[in-house]
Amino acid sequence: MSRARRSDNWGFPRWGGYGSSRDAVQVRLCDRHGCTEAGTCPAPKSPNSPERWMFCQQHAAEYNQGWDYFAGLDAEEAAAREAEERQTHEGYKESAHYGWAGSGDGSRSRDELRALDVLGLTPDADFDEIRKAWRSKAKEVHPDVRPGDEDAAKAFQALQLAYEVLRQAEERREWKG
């Protein structure tokens with residue numbers, strides 16, 4: 001009776017199949033001369049041709065760097081091709097909601113960005129800048145400084161609300177619970 005043997009598969013990149021078979025899987029290499037990476041990125045051999053090169057990611061990027069997709073087409077044909085591409089590949093477009101919040105690195109919510117606008121700060125302002133801007137603006141429109149001024153009272157309330165939104169966001173970022 002033969003003993004069970006250990007697997008000789010030591011991890012990734014996994015060149016073997018995922019089924020029960022231990023046979024090697026056929027992997028297409030990059031079409032660039034001398035490259036030993038797997039060719040997973042198709043690139044057209046010529047404009048309007050169905051034939052494709054299969055490059056690794058690095059060589060595909062290098063090949064596509066100077067590629068003019070609309071070469072040899074007049075304005076009408078280029079517009080028709082662009083419309084067709086948009087229709088069939090619209091799902092791959094970056095979602096529009098990424099641009100809704102405006103500028104920033106994506107770490108702040110829309111409410112925080114509005115609060116920063118009220119204080120007149122940039123989206124990358126740290127909390128010390130927020131505190132300084134809030135204090136200086138609040139001193140200008142405080143009801144004790146300008147008694148009876150309705151516009152100043154509304155501006156002070158807006159500043160208070162903006163500071164509260166940013167203070168709570170900062171507490172959520174710092175909490176290590």
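Student: What makes the crossing of helix 4 and helix 5 left-handed or right-handed?
Tutor: The crossing of helix 4 and helix 5 is left-handed. The term applies if the near helix is turned anticlockwise from the far one by less than a right angle, and clockwise would be right-handed. A caution on the source: this is a predicted model, where local features need pLDDT of at least 70, side-chain atom pairs count only at pLDDT 80 or more, and totals for chains, interfaces and linings use all residues. Residues are numbered from 1 along each chain as its sequence is written, and side-chain values use heavy atoms, without hydrogens and water.

Student: Why is helix 4 called roughly antiparallel to helix 5?
Tutor: Helix 4 (residues 127–141) and helix 5 (residues 150–174) pack at about 165 degrees, with axes 9 Å apart. Angles under 35 degrees count as roughly parallel, over 145 as roughly antiparallel, 65 to 115 as roughly perpendicular and the rest as oblique. Therefore helix 4 is roughly antiparallel to helix 5.

Student: How do you know whether His59 is buried or exposed?
Tutor: Its relative accessible area is 14%. Buried means under 20%, exposed over 50%, and partly exposed in between, with a 1.4 Å probe and protein chains only. So His59 is buried. His59 lies in helix 1 (residues 57–64). Leaving aside neighbours within four places in sequence, His59 is in contact with Cys30, Arg32 and Cys35.

Student: What makes a set of residues a nonpolar core?
Tutor: The members are buried Ala, Val, Leu, Ile, Met, Phe, Trp, Tyr and Cys residues joined through side-chain atoms within 4.5 Å. The largest such core has 18 residues; Leu116, Leu119, Leu121, Ile130, Trp134 and Leu166 touch the most other members. Helix 3 (110–119), helix 4 and helix 5 each give two or more residues to this core. A second, separate core has six residues, among them Cys30, Cys35, Ala43 and Phe55.

Student: How many helices and strands does the chain have?
Tutor: Five helices and two strands. Helices (H or I, at least four residues) and strands (E, at least two) are DSSP runs, numbered from the N terminus. Along the sequence the pattern is β-β-α-α-α-α-α. Of the 177 residues, 20% count as buried.

Note on methods
Axes are lines fitted to C-alpha atoms, for helices over the stretch in contact, and angles run from 0 to 180 degrees between N-to-C directions. Contact means heavy atoms within 4.5 Å.
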